[in-house]
Amino acid sequence: MTKKQYGLGLRSAYAEQLLNKHQQLDWLEIHAENYFNPHSYDYHLLKQIAEHSPISVHGVGLSLGSFDALSKTHLEKLKALIDDVNPFIVSEHLSWSSINGRFYNDLLPLPYTEECLQIFIGHLNQAQDFLGRQLLIENPSAYLAYHESHIHEPEFLNRLVEATGCGLLLDINNVYVSGHNLGWDNQEYIETLNLAAVKEIHLAGYTEKQLDNKTVLIDSHNQKVSEPVWQLYRQFQQYYANSIPTLIEWDSDFPSLEVLIEEVAQAKHIDLAISEVSCA
């Protein structure tokens with residue numbers, strides 16, 4: 001891709017509509033595990049959509065941070081999907097989700113220690129070698145921090161890049177949610193990150209929950225992008241990179257497709273305004 005591109009998460013609720021509205025979006029992103037059955041109806045729709053829209057594949061189940069060995073079956077299914085769809089980006093998460101062979105339906109946080117870093121590096125190298133391509137690793141949303149963690153999250157991500165050659169998927173909403181919940185400085189987080197390695201941006205909505213008189217932000221993906229997150233995106237685009245592909249995510253309580261396309265248009269509007277100021 002040579003110019004700024006704007007995409008949307010492809011969910012089954014919209015798949016048939018997107019067959020006719022592909023001209024309004026530059027690309028679409030799928031959750032890999034939803035398409036591991038090549039005989040499903042959703043896979044059939046995906047193949048039709050992929051004929052006219054670039055696709056990125058976003059994995060949620062490799063469990064790269066787990067002490068367990070990687071699942072060869074999972075890797076084989078992921079590779080078969082990638083070989084068939086030919087995505088321009090493949091990404092996964094800085095998280096773990098399995099222990100002793102039992103998988104959980106959550107992206108669980110890692111303690112940022114040297115031991116976990118080496119485990120993650122080993123698994124990430126193994127996955128990239130097996131798939132024959134670079135993976136982008138997404139920063140997580142967090143609600144707690146381990147006492148054992150002694151490496152700041154962006155530094156942990158930078159060391160992954162240095163050791164494996166992976167890229168980064170910067171989720172601006174996750175930076176804001178974790179920054180609120182854990183009390184870090186969002187601007188410092190972004191300035192610490194190896195921005196040359198960022199190849200994709202995610203934007204999504206969060207919800208607020210009251211716990212013991214404290215407001216906790218939940219990365220719920222069922223709301224419009226909040227104004228503070230738009231502001232952080234604006235700052236990032238203004239100072240660092242205006243050409244990285246940007247994606248709107250929405251995973252439950254789905255509104256009409258038009259609402260999501262309006263969110264994509266909002267990202268375009270922000271970038272256009274920045275470009276006009278830069279050229280003035």
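Student: What do buried, exposed and partly exposed mean for a residue here?

Tutor: Buried means under 20% relative accessible area, exposed means over 50%, and partly exposed is in between, with a 1.4 Å probe and protein chains only. The model is predicted, so local features need pLDDT of at least 70 and side-chain atom pairs count only at pLDDT 80 or more, while totals for chains, interfaces and linings use all residues. Residues are numbered from 1 along each chain as its sequence is written, and side-chain values use heavy atoms, with hydrogens and water left out. By the under 20% rule, Arg11, with a relative accessible area of 7%, is buried.

Student: How many salt bridges does the rule give?

Tutor: A salt bridge is counted where a side-chain nitrogen of Lys or Arg is within 4 Å of a carboxyl oxygen of Asp or Glu. Under this rule, the number of salt bridges is six.

Student: How many residues apart in sequence are the parts that Asp251 and Arg11 tie together?

Tutor: The side chains of Asp251 and Arg11 form a salt bridge at 2.5 Å, N to O. Asp251 lies in the loop between β12 (246–248) and α9 (257–279), and Arg11 in the loop between β1 (6–9) and α1 (15–21), so the pair ties together parts whose separation in sequence is 240 residues. Helices (H or I, at least four residues) and strands (E, at least two) are DSSP runs numbered from the N terminus.

Student: Which helices are tied together by the salt bridge of Asp84 and Lys47?

Tutor: The side chains of Asp84 and Lys47 meet at 3.0 Å, N to O. Asp84 is partly exposed at 35% relative accessible area, and Lys47 is partly exposed at 33%. Because Asp84 lies in residues 72–85 and Lys47 in residues 41–50, the pair ties together parts 37 residues apart in sequence, namely helices α3 and α2.

Student: Is Asp83, the salt-bridge partner of Lys79, buried or exposed?

Tutor: Lys79 and Asp83 have their closest N and O atoms 3.0 Å apart, and both lie in helix α3, four residues apart, about one turn of the helix. Lys79 counts as partly exposed at 27% relative accessibility. Asp83, with a relative accessible area of 52%, is exposed.

Student: Where does Asp185 lie?

Tutor: Asp185 gathers with Glu155, Glu188 and Glu191 in a patch of negative charge on the surface, a patch being made of residues with over 30% relative accessible area and no salt bridge, with like charges joined within 9 Å and nonpolar side chains (Val, Leu, Ile, Met, Phe, Trp, Tyr) within 5 Å. Asp185 is partly exposed, at 43% relative accessible area. Its place is the loop between α6 (172–182) and α7 (186–192).

Technical notes. Areas by Shrake-Rupley, 256 points an atom, 1.4 Å probe, with all protein chains shown as cover. Lys, Arg positive; Asp, Glu negative; His and termini not counted. Charge placed at Lys NZ, Arg CZ, Asp CG, Glu CD.
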